[in-house]
Amino acid sequence: MSASKLQESGDVRIAHSLHTKEEEFVVKRREIVFQSLQKHEIHCSQNKVPHIALLSSGGGQRATVGLLECLVQLDKAGLLDCILYLSGVSGSTWCMASLYQEPDWSTKLETVKDNIIKRLSGPGVSWGDAFAKLKKYYNGKDFFSLTDIWAAIVVTTYMKEIDEHTLTDKWSQLGKDPFPIYTATDKQSKQEEGGDPWFEISPHEAGYSLSGAFVETSNFGSQFDNGSKKKHQAEIDMLYLQALCGSALAGEDSKEFIWGKIQDFLKHSRPTKEIMFEEMKEDPNSPPVEKWYQVLMDLVDMNLCVLNVKDPSALDQSIRTMLNDLAGGKSQLIFPTQKLNLADKEAAKLYMKQYTEDVCNYLSQFSLGPFDIFLSICRCMALWIWGRNYNFLHNMTDESVPSALLRSETRDFEDAGLLLNSPYFSVLRKERDIDLIISLDFSEGDPFMTVREAADRFKKLNISFPEVNIPSEDLEKPKDFYVFKGQNAPTVIHIPLFNVVNCGDEVEAWRNKYRTFQGPYSAEKITEVMEVAGKNISNNREKLKEQIAAVIEEKRFSRFNTFLNKDSFRLNIE
């Protein structure tokens, strides 16, 4: 089956080529880039327009507001229209989601920026609205995971909205904005030898960047068998997409933070007299809902106690007594009774995993009414399930795709930053033919770790990438602009957020003040980060133009060399 036919049918596409609609967009966008270059008196032929990708790393709110101001400054420099692709990881995708709500945002960026900042500085989503959204996810999907919880509880806290648009309904082929690429990672593939973990989501298709295996974005999450759709699931909305891409806490060392958020959510969901009265009308013999509520609260508190190395025995006894009373002594409790050894953290973790699973399994025999959803939340925490969706490659046969990807009915997705904190994989697909990468690094720690890790990874994968050599004196005192070049490789411009140019000798102080995991930024903090991030572009306008011109010259020189080599070959033949 041809690639075009696959695209038209909405079935799975396995090919190292671009989606036809992306190809069409690139042709139109290249014309905008060409006109922009002419305004800067950077001359090139229309068939040699450079493909420039702007990459933005993860970094929580730093990345969200930092990327926003960098785009504003690129616009002021007249360089935003030179960008073909805009791709982000984690917190940067939150910024992208806000931008692409507004068609042609790049033509009115100051207004769009003001609206975003006003929202981020304003009141958050109410607990009632967040819970209502969580119930929509719970009732409307085949798979419920911690990503749904993260979307409703955490993303709404920072982004101050519930964005129910989809990626496809906000995209216009005729738009004037760069082509967006959101990223995640396949958790199982990351753990499998020879797996293909990098996952990208664009307005047209979602799939594996290295294998070239894709499905229409509107069908991502639907059930497939041997390449054909069996059961449709509604397209994921932008709130869920932001949670899928921005779930940096999917690492198991963050359980305390998430249990704490669930604890807060439960407290705000304490059953009212009205709820209890309604339940008694529906089933006068049902156990009191406040008792189910207390069991769940105790279970959450017990998990937090163990994570904080505190004795949970009182909570354990409360849970056992309450469940025994609710069951009328007729149902035997089966979960662990051995003494918990808090000194052995690994053993304590496994104990609580089994304990939480057993309590959830025990409770599932009863109807918990409005608290069924919290039972599922606790089960997801015990099993640590993130981003579970149907696998569109299930039961397919294709030697170009890792075999493990073809076997499982579901796959779990999480923050791409847990694999590589910048979306190099997506833009380095050969078919995207990228000439210049502008990498904005909003990482919390070492600002060179990601670009060096990328160089190492791509060397092993035989993907062209320049060597990355950092002067030793810059490791502790990074500058604001680095250029890495290599033969037959794209030029990489690397821009660390905090550096000696915009922070002076206070680089470490800035890093400590703006750590990734903290509450939503105040208006003052948003302004501070934006000012620092913006300087990285405004201070380097001319350098950016120089590198764009250099890339064009290199393309011209490469073409000339190719011509000479062909001519020389003919002469030798003759």
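**Exercise 1. Serine 202**

Where does serine 202 lie, and between which two strands? Then decide whether serine 202 is buried or exposed, and list what serine 202 touches.

*Solution.* The model is a predicted one.
- Step 1. Start with the secondary structure. Serine 202 sits in a loop, with strand S5 (198–201) on one side and strand S6 (205–208) on the other.
- Step 2. Check the accessibility. The relative accessibility of serine 202 is 1%. The cut-off for buried is under 20%. Serine 202 therefore counts as buried.
- Step 3. Look for contacts, leaving out residues up to four places away in sequence. Leu167, Phe179, Pro180 and Thr217 are touched by serine 202.

**Exercise 2. The protein as a whole**

State how many helices and strands the protein has. Then give the buried share of its residues and the share of contacts between residues 24 or more positions apart.

*Solution.* 
- Step 1. Count the elements: 22 helices and 14 strands.
- Step 2. Take burial next. The protein has 574 residues, and 56% of them count as buried.
- Step 3. Turn to contacts with a separation of 6 or more. Residues 24 or more positions apart make up 72% of these.

**Exercise 3. Helix H9 and tryptophan 386**

Describe the burial of helix H9 and the contact at its start. Then place tryptophan 386 and give its C-alpha separation from alanine 243.

*Solution.* 
- Step 1. H9 spans residues 238–245, and eight of its eight residues are buried. Ala243 is one of the buried residues, and so are Met238 and Cys245.
- Step 2. Go to the start of H9. There a side-chain oxygen of aspartate 237 comes within 3.3 Å of the backbone nitrogen of leucine 239.
- Step 3. Move to tryptophan 386. The loop between helix H15 (372–383) and strand S10 (388–390) holds this residue. With a relative accessible area of 1%, tryptophan 386 is buried.
- Step 4. Link the two sites. Tryptophan 386 and alanine 243 are 143 residues apart along the chain, yet 9.8 Å separates their C-alpha atoms.

**Exercise 4. The nonpolar core**

Which residues have the most contacts inside the largest nonpolar core? Which helix gives the most to this core?

*Solution.* 
- Step 1. The largest nonpolar core holds 176 residues. Those with the most contacts inside it are Leu99, Tyr182, Leu393, Tyr424 and Phe465.
- Step 2. Helix H12 (residues 289–307) gives the most to this core: 12 residues.
- Step 3. Take leucine 393 as a case. With residues up to four places away in sequence left out, leucine 393 touches Val12, Ile14, Tyr208, Ala213, Val401, Leu405 and Leu406.

**Exercise 5. A buried glutamate**

Is glutamate 414 buried or exposed? Which side chain makes a polar contact with the side chain of glutamate 414?

*Solution.* 
- Step 1. Glutamate 414 belongs to strand S11 (residues 410–415).
- Step 2. Its relative accessible area is 3%, so glutamate 414 is buried.
- Step 3. The partner is lysine 190: the two side chains make a polar contact at 2.7 Å.

**Exercise 6. The cavities**

How many cavities of 30 Å³ or more are there? Which helix gives the most to the lining of the largest cavity?

*Solution.* 
- Step 1. The count is six cavities of 30 Å³ or more.
- Step 2. The largest cavity has about 100 Å³ of space. Its lining residues include Trp94, Leu120, Lys160 and Ile526.
- Step 3. H3 gives the most to this lining, with three residues.
- Step 4. By class, the lining has eight nonpolar, two polar and one charged residues.

Technical notes:
Residues are numbered from 1 along each chain as its sequence is written. This is a predicted model: local features need pLDDT of at least 70, side-chain atom pairs count only at pLDDT 80 or more; totals for chains, interfaces and linings use all residues. Side-chain values use heavy atoms; hydrogens and water are left out. Helices (H or I, at least four residues) and strands (E, at least two) are DSSP runs, numbered from the N terminus. Buried means under 20% relative accessible area, exposed over 50%, partly exposed in between (1.4 Å probe, protein chains only). Contact means heavy atoms within 4.5 Å. A polar contact is a pair of N or O atoms within 3.5 Å; within protein, one must be able to donate a hydrogen and the other to accept it, and residues adjacent in sequence count only if both atoms are side-chain atoms. A nonpolar core is a set of buried Ala, Val, Leu, Ile, Met, Phe, Trp, Tyr and Cys residues joined through side-chain atoms within 4.5 Å. On a 1 Å grid over the protein atoms alone, a cavity is a set of points where a 1.4 Å probe fits but cannot get out, and a pocket is an open set with protein on both sides within 12 Å along at least five of seven lines; lining residues have an atom within 4 Å of a point. Grid points are joined across faces, edges and corners, and a volume is the space filled by probe spheres set on the points. Ala, Val, Leu, Ile, Met, Phe, Trp, Tyr, Cys and Pro count as nonpolar, Asp, Glu, Lys and Arg as charged, and the others, Gly among them, as polar.
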